[in-house]
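Open the structure in your viewer and keep the sequence panel in view. This tour goes from one selection to the next and says what is there.

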Amino acid sequence: VELPGVVISAWSPGHGGGEPALFFLVRPPGEAGGGASLLRLTLAPEPRLETVASGLAGWMETLAAIDLGGGPELVAGGEGRIAALGAALESDGTASSRMLAEGTGVELRTLSPDLLQLGISERFAGVEPGRVEILESDGAGGLRALPPVSIPFSVLRSAGGFARSNCASRR
């Protein structure tokens with residue numbers, strides 16, 4: 001099966017995750033940051049590629065899935081934003097973008113950096129200066145922020161480059 005564009009990200013439900021399928025976020029060749037399309041490749045009974053949604057926001061760079069309380073939902077993330085694309089495991093589901101988080105340091109690939117994401121995520125994380133930010137399902141269709149986790153060191157510029165400094169040792 002030939003995909004009509006450049007693959008930005010891919011997601012699969014993994015083992016036991018429902019109908020065998022792969023979801024692809026693709027862009028036309030040479031259009032970095034341009035509108036993306038969401039494609040679904042079903043493998044049974046015969047391979048079939050279909051466009052689930054087109055004209056998705058250009059900031060979308062990563063696919064993942066999380067159970068937001070009503071079953072697994074496909075989500076897209078990038079540039080400090082996360083949007084739900086709809087039910088991920090239903091064979092007749094379509095994608096309609098719904099913003100879940102904006103202005104966050106959370107990146108969908110922080111805990112799993114591969115181009116192909118597998119299964120249903122429990123949470124998403126992002127590393128910011130001095131802390132780790134974590135989002136998880138609120139069970140009611142959205143995401144909630146957990147208390148940030150402090151990182152007990154800082155990075156300092158020195159004559160030889162960068163050095164890690166343990167904040168606890170400076171007290």
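In which loop is Gly-35 found? Select Gly-35: the loop that holds it runs between β2 (21-27) and β3 (36-42). Keep in mind throughout that this is a predicted model.

**Stop 1: around Gly-35**

Is Gly-35 buried, exposed or partly exposed? Its relative accessible area is 38%. Gly-35 is therefore partly exposed, because that label covers values between 20% and 50%.

Gly-58 lies 23 residues from Gly-35 along the chain, and the C-alpha atoms of the two are separated by 4.6 Å.

Next, show what touches Gly-35. Leaving out neighbours within four places in sequence, the contacts of Gly-35 are Val-26, Arg-27, Pro-28 and Leu-56.

**Stop 2**

Turn to the salt bridges. How many salt bridges does a search of the whole structure find? The search finds 8.

Select Arg-98 and Glu-73 and show their side chains. These side chains meet in a salt bridge, at 3.6 Å from N to O. The pair links distant parts of the chain: Arg-98 sits in strand β8 (residues 98-101) and Glu-73 in strand β6 (residues 72-78), 25 residues apart.

Colour the two by accessibility. Arg-98 counts as partly exposed, at 36% relative accessibility. Glu-73, at 17%, counts as buried, because buried means under 20% relative accessible area.

**Stop 3: Glu-133 and Arg-131**

Select Glu-133 and then Arg-131. A salt bridge joins them, and the closest N and O atoms are 4.0 Å apart.

**Stop 4**

Select Glu-136 and Arg-144. In this salt bridge the closest N and O atoms are 3.0 Å apart. Glu-136 is buried, with a relative accessible area of 15%. Arg-144 counts as partly exposed, at 38% relative accessibility.

Technical notes. Residues are numbered from 1 along each chain as its sequence is written. This is a predicted model: local features need pLDDT of at least 70, side-chain atom pairs count only at pLDDT 80 or more; totals for chains, interfaces and linings use all residues. Side-chain values use heavy atoms; hydrogens and water are left out. Helices (H or I, at least four residues) and strands (E, at least two) are DSSP runs, numbered from the N terminus. Buried means under 20% relative accessible area, exposed over 50%, partly exposed in between (1.4 Å probe, protein chains only). Contact means heavy atoms within 4.5 Å.
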